[in-house]
Amino acid sequence: MGQQKITVPKGTKDILGEEVVWWQKVEEVVREMANLFGYQEIRTPIFEQTELFARGVGEETDIVQKEMYTFQDKGGRSITLRPEGTAPVMRAYIEHGLSVTNPRVKWFYLGPMFRYERPQAGRMRQFHQFGFEALGFSRPAVDVEIILVAYLIYQELGLSELTLELNSLGCEKCRPSYLSKLTKFLEERKDNLCANCVRRLEKNPLRVLDCKEEGCQNLFKSPSFPVIEEYLCSDCRNHQFKVEAGLENLGISYQINPFLVRGLDYYTKTAFEVKTGQLGAQDAIGGGGRYDQLSAALGVPGVAGVGFAAGIERIVLLLEKTQQETRPKKVPCLYLSPLDEEGEKQVLRLARELTKWRVPFYCDFADKGLRYHLKKAQKSGVKWVLMVGQEEIERGGFSLKNLTSGSQVFLQEDELLRLLQKEKSLC
Ligand code: AMP
(Lines give C-alpha, C1' and ligand atoms only; values in the text may rest on other atoms or scores of the structure.)
Protein backbone atom coordinates (compact mmCIF):
# COMPACT_ATOMS: atom_id res chain seq x y z
CA MET A 1 0.00 0.00 0.00
CA GLY A 2 1.29 3.45 -0.90
CA GLN A 3 1.91 5.96 1.85
CA GLN A 4 -0.53 8.81 2.30
CA LYS A 5 0.47 12.01 0.58
CA ILE A 6 1.78 14.69 2.94
CA THR A 7 0.23 18.10 2.36
CA VAL A 8 0.53 21.50 4.05
CA PRO A 9 -1.36 21.73 7.35
CA LYS A 10 -4.90 23.09 7.12
CA GLY A 11 -4.99 26.88 7.10
CA THR A 12 -1.42 27.28 5.84
CA LYS A 13 -0.06 27.57 2.34
CA ASP A 14 3.08 27.66 0.25
CA ILE A 15 3.83 30.93 -1.43
CA LEU A 16 5.61 30.42 -4.71
CA GLY A 17 5.69 31.19 -8.41
CA GLU A 18 4.04 34.41 -9.56
CA GLU A 19 2.47 34.99 -6.16
CA VAL A 20 5.77 35.35 -4.38
CA VAL A 21 6.60 38.35 -6.56
CA TRP A 22 3.63 40.17 -5.07
CA TRP A 23 4.84 39.32 -1.57
CA GLN A 24 8.24 40.74 -2.37
CA LYS A 25 6.58 43.87 -3.72
CA VAL A 26 4.57 44.36 -0.51
CA GLU A 27 7.66 43.80 1.63
CA GLU A 28 9.66 46.21 -0.49
CA VAL A 29 7.05 48.98 -0.14
CA VAL A 30 6.78 48.36 3.62
CA ARG A 31 10.54 48.55 4.09
CA GLU A 32 10.79 51.64 1.94
CA MET A 33 8.04 53.43 3.84
CA ALA A 34 9.58 52.41 7.18
CA ASN A 35 12.88 53.78 6.02
CA LEU A 36 11.34 57.06 4.85
CA PHE A 37 9.47 57.59 8.13
CA GLY A 38 12.42 56.41 10.27
CA TYR A 39 10.83 53.26 11.74
CA GLN A 40 13.47 50.67 12.66
CA GLU A 41 12.90 46.97 12.19
CA ILE A 42 12.30 44.77 15.23
CA ARG A 43 12.28 40.96 15.08
CA THR A 44 10.72 39.24 18.05
CA PRO A 45 10.49 35.45 18.52
CA ILE A 46 7.78 33.48 16.75
CA PHE A 47 6.75 32.01 20.11
CA GLU A 48 6.38 33.69 23.48
CA GLN A 49 5.25 32.79 26.98
CA THR A 50 1.49 32.26 26.87
CA GLU A 51 1.07 34.74 29.71
CA LEU A 52 2.14 37.59 27.41
CA PHE A 53 -0.91 37.21 25.19
CA ALA A 54 -3.29 36.23 27.99
CA ARG A 55 -2.44 39.49 29.74
CA GLY A 56 -1.59 41.64 26.74
CA VAL A 57 -4.31 40.73 24.24
CA GLY A 58 -6.95 40.08 26.90
CA GLU A 59 -8.37 36.93 28.50
CA GLU A 60 -11.82 37.47 27.04
CA THR A 61 -10.84 38.06 23.44
CA ASP A 62 -11.58 35.47 20.75
CA ILE A 63 -7.86 35.26 20.12
CA VAL A 64 -7.04 34.14 23.65
CA GLN A 65 -10.22 32.15 24.22
CA LYS A 66 -10.28 30.17 21.01
CA GLU A 67 -7.51 30.87 18.59
CA MET A 68 -4.12 30.46 20.18
CA TYR A 69 -1.64 27.75 19.30
CA THR A 70 -0.59 26.94 22.83
CA PHE A 71 1.49 23.97 23.95
CA GLN A 72 3.80 22.88 26.70
CA ASP A 73 7.43 22.63 25.74
CA LYS A 74 9.63 19.82 27.04
CA GLY A 75 10.51 21.96 30.06
CA GLY A 76 6.83 22.23 31.03
CA ARG A 77 6.53 25.91 30.05
CA SER A 78 3.35 27.14 28.40
CA ILE A 79 4.32 28.51 25.02
CA THR A 80 2.16 30.23 22.39
CA LEU A 81 2.87 30.84 18.73
CA ARG A 82 2.39 34.59 18.43
CA PRO A 83 -1.12 35.51 17.26
CA GLU A 84 -0.20 39.17 16.81
CA GLY A 85 2.78 41.49 17.00
CA THR A 86 1.99 44.34 19.38
CA ALA A 87 2.20 42.57 22.74
CA PRO A 88 5.64 41.08 21.80
CA VAL A 89 6.84 44.54 20.75
CA MET A 90 5.74 46.04 24.07
CA ARG A 91 7.33 43.10 25.92
CA ALA A 92 10.62 43.78 24.11
CA TYR A 93 10.41 47.52 24.86
CA ILE A 94 9.95 46.83 28.56
CA GLU A 95 12.48 44.00 28.68
CA HIS A 96 15.20 46.16 27.12
CA GLY A 97 14.56 48.95 29.61
CA LEU A 98 13.71 51.44 26.89
CA SER A 99 11.17 53.28 29.00
CA VAL A 100 14.20 54.57 30.90
CA THR A 101 16.99 54.73 28.32
CA ASN A 102 15.17 55.61 25.10
CA PRO A 103 11.49 56.10 25.82
CA ARG A 104 10.36 57.07 22.34
CA VAL A 105 10.87 54.43 19.65
CA LYS A 106 9.36 53.74 16.27
CA TRP A 107 9.46 50.16 15.10
CA PHE A 108 8.12 48.01 12.29
CA TYR A 109 7.95 44.25 11.82
CA LEU A 110 7.07 41.71 9.17
CA GLY A 111 6.35 38.06 9.74
CA PRO A 112 4.04 35.12 10.35
CA MET A 113 1.26 35.09 12.96
CA PHE A 114 -0.80 32.10 14.07
CA ARG A 115 -4.49 31.86 14.92
CA TYR A 116 -6.58 28.72 15.06
CA GLU A 117 -9.44 30.03 12.92
CA ARG A 118 -11.82 28.45 10.44
CA PRO A 119 -9.83 28.80 7.22
CA GLN A 120 -11.33 30.39 4.14
CA ALA A 121 -10.15 32.74 1.40
CA GLY A 122 -8.19 35.45 3.19
CA ARG A 123 -8.41 33.75 6.59
CA MET A 124 -5.52 31.48 7.41
CA ARG A 125 -4.13 29.76 10.49
CA GLN A 126 -0.65 30.89 9.61
CA PHE A 127 -0.88 34.34 8.08
CA HIS A 128 1.52 37.23 7.72
CA GLN A 129 1.39 40.75 8.96
CA PHE A 130 3.46 43.84 8.71
CA GLY A 131 3.04 46.31 11.50
CA PHE A 132 4.20 49.73 12.64
CA GLU A 133 4.37 50.72 16.30
CA ALA A 134 5.26 54.07 17.88
CA LEU A 135 5.95 53.70 21.59
CA GLY A 136 6.27 56.46 24.15
CA PHE A 137 4.26 59.02 22.17
CA SER A 138 0.93 60.25 23.43
CA ARG A 139 0.26 63.13 21.00
CA PRO A 140 -2.62 62.61 18.57
CA ALA A 141 -0.25 63.61 15.77
CA VAL A 142 1.37 60.18 16.13
CA ASP A 143 -1.99 58.44 15.66
CA VAL A 144 -2.28 60.46 12.46
CA GLU A 145 1.27 59.53 11.41
CA ILE A 146 0.48 55.82 11.87
CA ILE A 147 -2.66 56.12 9.76
CA LEU A 148 -0.70 58.10 7.16
CA VAL A 149 1.96 55.36 6.95
CA ALA A 150 -0.77 52.75 6.38
CA TYR A 151 -2.52 54.98 3.86
CA LEU A 152 0.69 55.62 1.89
CA ILE A 153 1.61 51.92 1.80
CA TYR A 154 -1.78 51.02 0.33
CA GLN A 155 -1.51 53.94 -2.06
CA GLU A 156 2.02 52.97 -3.15
CA LEU A 157 0.73 49.46 -3.86
CA GLY A 158 -1.94 50.95 -6.09
CA LEU A 159 -4.83 49.88 -3.87
CA SER A 160 -7.78 52.20 -4.04
CA GLU A 161 -11.42 52.11 -3.04
CA LEU A 162 -10.47 51.45 0.55
CA THR A 163 -12.45 52.72 3.51
CA LEU A 164 -10.88 53.96 6.71
CA GLU A 165 -13.15 53.43 9.71
CA LEU A 166 -12.42 55.28 12.91
CA ASN A 167 -13.64 55.19 16.48
CA SER A 168 -12.51 56.16 19.95
CA LEU A 169 -12.62 53.57 22.69
CA GLY A 170 -12.13 56.03 25.53
CA CYS A 171 -9.69 55.51 28.36
CA GLU A 172 -9.59 54.07 31.85
CA LYS A 173 -11.28 57.23 33.15
CA CYS A 174 -14.29 57.37 30.84
CA ARG A 175 -14.75 53.84 29.59
CA PRO A 176 -16.23 52.49 32.84
CA SER A 177 -19.25 54.81 32.63
CA TYR A 178 -19.85 53.68 29.05
CA LEU A 179 -19.43 50.06 30.04
CA SER A 180 -21.97 50.34 32.83
CA LYS A 181 -24.48 51.92 30.45
CA LEU A 182 -23.75 49.26 27.82
CA THR A 183 -24.04 46.47 30.37
CA LYS A 184 -27.37 47.79 31.59
CA PHE A 185 -28.69 48.01 28.03
CA LEU A 186 -27.54 44.48 27.20
CA GLU A 187 -28.68 42.98 30.50
CA GLU A 188 -32.19 44.20 29.77
CA ARG A 189 -32.06 42.45 26.40
CA LYS A 190 -30.11 39.39 27.43
CA ASP A 191 -32.61 37.05 25.80
CA ASN A 192 -31.67 38.41 22.39
CA LEU A 193 -27.95 37.84 22.86
CA CYS A 194 -26.12 34.78 21.59
CA ALA A 195 -24.65 32.41 24.20
CA ASN A 196 -21.18 33.74 23.58
CA CYS A 197 -22.26 37.32 24.21
CA VAL A 198 -24.08 36.38 27.42
CA ARG A 199 -20.71 35.21 28.68
CA ARG A 200 -18.93 38.28 27.24
CA LEU A 201 -21.46 40.48 28.99
CA GLU A 202 -20.21 39.28 32.34
CA LYS A 203 -16.50 39.30 31.60
CA ASN A 204 -15.98 42.07 29.05
CA PRO A 205 -19.10 43.70 27.60
CA LEU A 206 -17.19 45.72 24.99
CA ARG A 207 -16.44 42.47 23.20
CA VAL A 208 -20.17 42.12 22.46
CA LEU A 209 -19.77 44.85 19.83
CA ASP A 210 -17.47 42.47 17.97
CA CYS A 211 -20.24 39.89 17.51
CA LYS A 212 -21.32 38.99 14.00
CA GLU A 213 -24.44 37.02 15.07
CA GLU A 214 -27.64 38.39 13.59
CA GLY A 215 -29.54 38.67 16.87
CA CYS A 216 -26.75 40.69 18.47
CA GLN A 217 -26.27 42.81 15.35
CA ASN A 218 -29.97 43.69 15.43
CA LEU A 219 -29.57 45.06 18.92
CA PHE A 220 -26.84 47.40 17.73
CA LYS A 221 -29.31 48.96 15.31
CA SER A 222 -31.65 50.02 18.09
CA PRO A 223 -31.86 53.84 18.32
CA SER A 224 -31.34 53.62 22.08
CA PHE A 225 -28.14 51.58 21.77
CA PRO A 226 -25.50 53.47 23.78
CA VAL A 227 -22.63 54.72 21.62
CA ILE A 228 -19.26 55.32 23.22
CA GLU A 229 -18.76 58.72 21.63
CA GLU A 230 -21.31 60.21 23.99
CA TYR A 231 -19.40 58.99 27.06
CA LEU A 232 -15.88 60.12 26.21
CA CYS A 233 -14.09 62.32 28.75
CA SER A 234 -12.79 65.70 27.59
CA ASP A 235 -9.27 64.33 27.16
CA CYS A 236 -10.45 61.51 24.87
CA ARG A 237 -12.85 63.79 23.03
CA ASN A 238 -10.09 66.30 22.45
CA HIS A 239 -7.71 63.58 21.30
CA GLN A 240 -10.26 62.22 18.87
CA PHE A 241 -11.03 65.69 17.56
CA LYS A 242 -7.32 66.28 16.84
CA VAL A 243 -6.92 62.92 15.09
CA GLU A 244 -9.89 63.70 12.87
CA ALA A 245 -8.60 67.22 12.17
CA GLY A 246 -5.16 65.77 11.38
CA LEU A 247 -6.64 63.36 8.85
CA GLU A 248 -8.70 66.12 7.29
CA ASN A 249 -5.59 68.26 7.04
CA LEU A 250 -3.96 65.47 5.00
CA GLY A 251 -7.04 64.90 2.86
CA ILE A 252 -7.48 61.36 4.19
CA SER A 253 -11.17 60.56 4.34
CA TYR A 254 -12.65 58.39 7.09
CA GLN A 255 -15.94 57.16 8.42
CA ILE A 256 -16.82 57.05 12.09
CA ASN A 257 -17.91 53.55 13.10
CA PRO A 258 -19.14 53.55 16.72
CA PHE A 259 -19.13 49.72 16.75
CA LEU A 260 -15.49 49.37 15.86
CA VAL A 261 -13.84 47.86 18.95
CA ARG A 262 -11.18 45.64 17.32
CA GLY A 263 -10.47 42.12 18.47
CA LEU A 264 -7.86 42.93 21.10
CA ASP A 265 -8.50 44.37 24.54
CA TYR A 266 -5.59 46.73 24.80
CA TYR A 267 -6.92 49.61 22.70
CA THR A 268 -7.64 53.01 24.22
CA LYS A 269 -8.78 56.15 22.42
CA THR A 270 -8.12 55.78 18.68
CA ALA A 271 -9.15 52.54 16.96
CA PHE A 272 -9.25 52.20 13.20
CA GLU A 273 -9.65 49.66 10.47
CA VAL A 274 -9.00 49.73 6.74
CA LYS A 275 -11.56 47.83 4.67
CA THR A 276 -12.05 46.83 1.07
CA GLY A 277 -15.29 46.00 -0.70
CA GLN A 278 -13.53 43.56 -3.00
CA LEU A 279 -12.74 40.56 -0.80
CA GLY A 280 -16.15 39.45 0.45
CA ALA A 281 -16.39 38.59 4.14
CA GLN A 282 -12.69 39.01 4.94
CA ASP A 283 -12.87 42.73 4.26
CA ALA A 284 -10.37 44.06 6.82
CA ILE A 285 -6.95 44.54 5.33
CA GLY A 286 -5.42 46.37 8.26
CA GLY A 287 -6.21 47.94 11.56
CA GLY A 288 -4.76 49.47 14.63
CA GLY A 289 -5.06 52.12 17.24
CA ARG A 290 -3.75 53.48 20.48
CA TYR A 291 -2.90 51.13 23.32
CA ASP A 292 -1.89 53.25 26.30
CA GLN A 293 -3.05 50.52 28.74
CA LEU A 294 -1.05 47.64 27.26
CA SER A 295 2.14 48.30 29.19
CA ALA A 296 0.21 48.33 32.49
CA ALA A 297 -1.23 44.91 31.64
CA LEU A 298 2.39 43.75 31.32
CA GLY A 299 3.36 45.25 34.67
CA VAL A 300 4.85 48.63 33.66
CA PRO A 301 2.18 51.34 33.60
CA GLY A 302 2.48 54.53 31.63
CA VAL A 303 3.95 53.65 28.24
CA ALA A 304 1.85 55.25 25.52
CA GLY A 305 1.67 53.44 22.20
CA VAL A 306 -0.03 53.55 18.86
CA GLY A 307 0.29 51.23 15.90
CA PHE A 308 -1.29 49.21 13.15
CA ALA A 309 -0.96 45.82 11.54
CA ALA A 310 -1.99 44.69 8.07
CA GLY A 311 -2.56 41.23 6.64
CA ILE A 312 -0.30 40.45 3.70
CA GLU A 313 -2.41 37.51 2.38
CA ARG A 314 -5.41 39.78 1.95
CA ILE A 315 -3.37 42.55 0.39
CA VAL A 316 -1.89 40.06 -2.10
CA LEU A 317 -5.38 38.72 -2.92
CA LEU A 318 -6.41 42.28 -3.63
CA LEU A 319 -3.34 42.98 -5.73
CA GLU A 320 -3.94 39.84 -7.77
CA LYS A 321 -7.51 40.88 -8.30
CA THR A 322 -6.98 44.50 -9.21
CA GLN A 323 -3.40 44.98 -10.39
CA GLN A 324 -2.70 42.10 -12.79
CA GLU A 325 -1.41 44.39 -15.51
CA THR A 326 1.22 45.88 -13.22
CA ARG A 327 2.38 42.58 -11.74
CA PRO A 328 6.11 42.95 -11.19
CA LYS A 329 8.15 40.48 -13.24
CA LYS A 330 11.34 38.79 -12.13
CA VAL A 331 13.22 37.90 -15.32
CA PRO A 332 16.99 37.54 -15.34
CA CYS A 333 19.03 39.48 -17.87
CA LEU A 334 20.86 36.50 -19.22
CA TYR A 335 20.20 32.82 -19.72
CA LEU A 336 23.36 30.66 -19.55
CA SER A 337 23.16 27.49 -21.66
CA PRO A 338 26.01 25.02 -21.35
CA LEU A 339 25.90 22.55 -24.26
CA ASP A 340 28.20 19.92 -22.73
CA GLU A 341 30.29 19.21 -19.63
CA GLU A 342 33.10 21.58 -20.59
CA GLY A 343 30.46 24.19 -21.26
CA GLU A 344 29.16 23.71 -17.72
CA LYS A 345 32.57 24.51 -16.29
CA GLN A 346 32.77 27.67 -18.39
CA VAL A 347 29.30 28.69 -17.32
CA LEU A 348 30.11 28.33 -13.62
CA ARG A 349 33.30 30.32 -14.03
CA LEU A 350 31.42 33.02 -15.90
CA ALA A 351 28.65 33.02 -13.27
CA ARG A 352 31.20 34.12 -10.69
CA GLU A 353 32.37 36.97 -12.94
CA LEU A 354 28.80 38.07 -13.64
CA THR A 355 28.09 38.45 -9.95
CA LYS A 356 30.99 40.91 -9.72
CA TRP A 357 29.34 42.96 -12.47
CA ARG A 358 25.95 42.57 -10.83
CA VAL A 359 24.39 41.09 -13.96
CA PRO A 360 21.42 38.84 -13.06
CA PHE A 361 21.53 35.47 -14.83
CA TYR A 362 20.09 31.97 -14.74
CA CYS A 363 22.17 28.80 -15.38
CA ASP A 364 20.29 25.90 -16.94
CA PHE A 365 22.14 22.63 -16.31
CA ALA A 366 19.53 20.56 -18.08
CA ASP A 367 21.93 18.38 -20.06
CA LYS A 368 20.03 19.12 -23.25
CA GLY A 369 20.78 20.45 -26.70
CA LEU A 370 20.57 23.89 -28.22
CA ARG A 371 16.92 23.67 -29.26
CA TYR A 372 15.79 22.96 -25.70
CA HIS A 373 17.82 25.84 -24.30
CA LEU A 374 16.53 28.36 -26.82
CA LYS A 375 12.93 27.31 -26.25
CA LYS A 376 13.30 27.50 -22.48
CA ALA A 377 15.01 30.89 -22.64
CA GLN A 378 12.33 32.25 -24.95
CA LYS A 379 9.62 31.09 -22.58
CA SER A 380 11.26 32.74 -19.59
CA GLY A 381 11.09 36.13 -21.30
CA VAL A 382 14.84 36.73 -21.00
CA LYS A 383 16.50 39.00 -23.56
CA TRP A 384 19.93 37.41 -23.88
CA VAL A 385 20.92 33.78 -24.13
CA LEU A 386 24.55 32.69 -23.95
CA MET A 387 25.63 29.36 -25.37
CA VAL A 388 28.87 27.59 -24.69
CA GLY A 389 29.87 24.16 -26.02
CA GLN A 390 32.75 22.51 -27.86
CA GLU A 391 32.84 25.05 -30.67
CA GLU A 392 32.86 28.11 -28.40
CA ILE A 393 35.56 26.60 -26.18
CA GLU A 394 37.78 25.94 -29.18
CA ARG A 395 37.31 29.50 -30.37
CA GLY A 396 37.90 30.84 -26.79
CA GLY A 397 34.66 32.76 -26.33
CA PHE A 398 30.85 32.64 -26.13
CA SER A 399 27.90 32.78 -28.52
CA LEU A 400 25.39 35.39 -27.44
CA LYS A 401 21.94 35.59 -28.95
CA ASN A 402 19.58 38.51 -28.62
CA LEU A 403 16.14 36.96 -28.41
CA THR A 404 14.42 40.25 -29.13
CA SER A 405 16.15 40.86 -32.48
CA GLY A 406 17.19 37.27 -33.24
CA SER A 407 20.79 38.32 -34.00
CA GLN A 408 23.72 36.30 -32.70
CA VAL A 409 27.36 37.30 -32.12
CA PHE A 410 30.53 35.60 -30.98
CA LEU A 411 32.33 37.45 -28.16
CA GLN A 412 35.45 37.15 -26.03
CA GLU A 413 34.83 37.25 -22.29
CA ASP A 414 35.89 40.87 -21.74
CA GLU A 415 33.71 42.06 -24.64
CA LEU A 416 30.81 40.04 -23.28
CA LEU A 417 31.10 41.47 -19.78
CA ARG A 418 31.36 45.03 -21.11
CA LEU A 419 28.24 44.55 -23.23
CA LEU A 420 26.23 43.02 -20.40
CA GLN A 421 27.32 45.68 -17.97
CA LYS A 422 25.82 48.25 -20.35
CA GLU A 423 22.74 46.16 -21.13
CA LYS A 424 21.74 45.09 -17.65
CA SER A 425 19.81 48.26 -16.91
CA LEU A 426 17.69 47.56 -20.00
CA CYS A 427 16.86 43.99 -19.07
P1 AMP B 1 -5.69 42.10 13.88
O2 AMP B 1 -4.36 41.74 14.44
O3 AMP B 1 -6.78 41.11 14.19
O4 AMP B 1 -6.07 43.51 14.09
O5 AMP B 1 -5.54 41.95 12.30
C6 AMP B 1 -4.85 42.87 11.50
C7 AMP B 1 -4.97 42.42 10.06
O8 AMP B 1 -4.38 41.13 9.92
C9 AMP B 1 -6.40 42.23 9.59
O10 AMP B 1 -6.91 43.46 9.13
C11 AMP B 1 -6.22 41.23 8.49
O12 AMP B 1 -5.82 41.90 7.29
C13 AMP B 1 -5.08 40.38 8.96
N14 AMP B 1 -5.55 39.10 9.55
C15 AMP B 1 -5.99 38.89 10.81
N16 AMP B 1 -6.30 37.60 10.99
C17 AMP B 1 -6.03 36.96 9.84
C18 AMP B 1 -6.13 35.61 9.39
N19 AMP B 1 -6.55 34.64 10.19
N20 AMP B 1 -5.76 35.32 8.12
C21 AMP B 1 -5.32 36.29 7.29
N22 AMP B 1 -5.20 37.58 7.66
C23 AMP B 1 -5.55 37.93 8.91
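The model is predicted, so local features need pLDDT of at least 70 and side-chain atom pairs count only at pLDDT 80 or more, while totals for chains, interfaces and linings use all residues. Residues are numbered from 1 along each chain as its sequence is written, and side-chain values use heavy atoms, leaving out hydrogens and water.

**Stop one: the ligand**

The side chain of Glu117 places an N or O atom 2.5 Å from a ligand nitrogen. Arg262 has a side-chain N or O atom 2.6 Å from a ligand oxygen. At Gly286, a polar backbone atom is 3.0 Å from an oxygen of the ligand. Taken alone, the ligand exposes 480 Å², of which the protein buries 92% (Shrake-Rupley areas with a 1.4 Å probe).

Next, colour by secondary structure: helices (H or I, at least four residues) and strands (E, at least two) are DSSP runs numbered from the N terminus.

**Stop two: two helix pairs**

Show helix 6 (residues 140-156) with helix 10 (residues 234-250): they pack at about 45°, with their axes 8 Å apart. Axes here are lines fitted to C-alpha atoms over the stretch in contact, and angles run from 0 to 180 degrees between N-to-C directions. That angle makes helix 6 oblique to helix 10, as angles under 35 degrees count as roughly parallel, over 145 as roughly antiparallel, 65 to 115 as roughly perpendicular and the rest as oblique.

Then move to helix 13 (residues 341-356) and helix 16 (residues 413-423), which pack at about 40° with axes 11 Å apart. Helix 13 is therefore oblique to helix 16.

**Stop three: Glu248**

Return to helix 10 and pick Glu248. Its side chain makes a 2.4 Å polar contact with that of Tyr254. Finally, draw a C-alpha to C-alpha distance from Glu248 to Leu159: 20 Å in space, for 89 residues in sequence.

Definitions and conventions:
A polar contact is a pair of N or O atoms within 3.5 Å; within protein, one must be able to donate a hydrogen and the other to accept it, and residues adjacent in sequence count only if both atoms are side-chain atoms.
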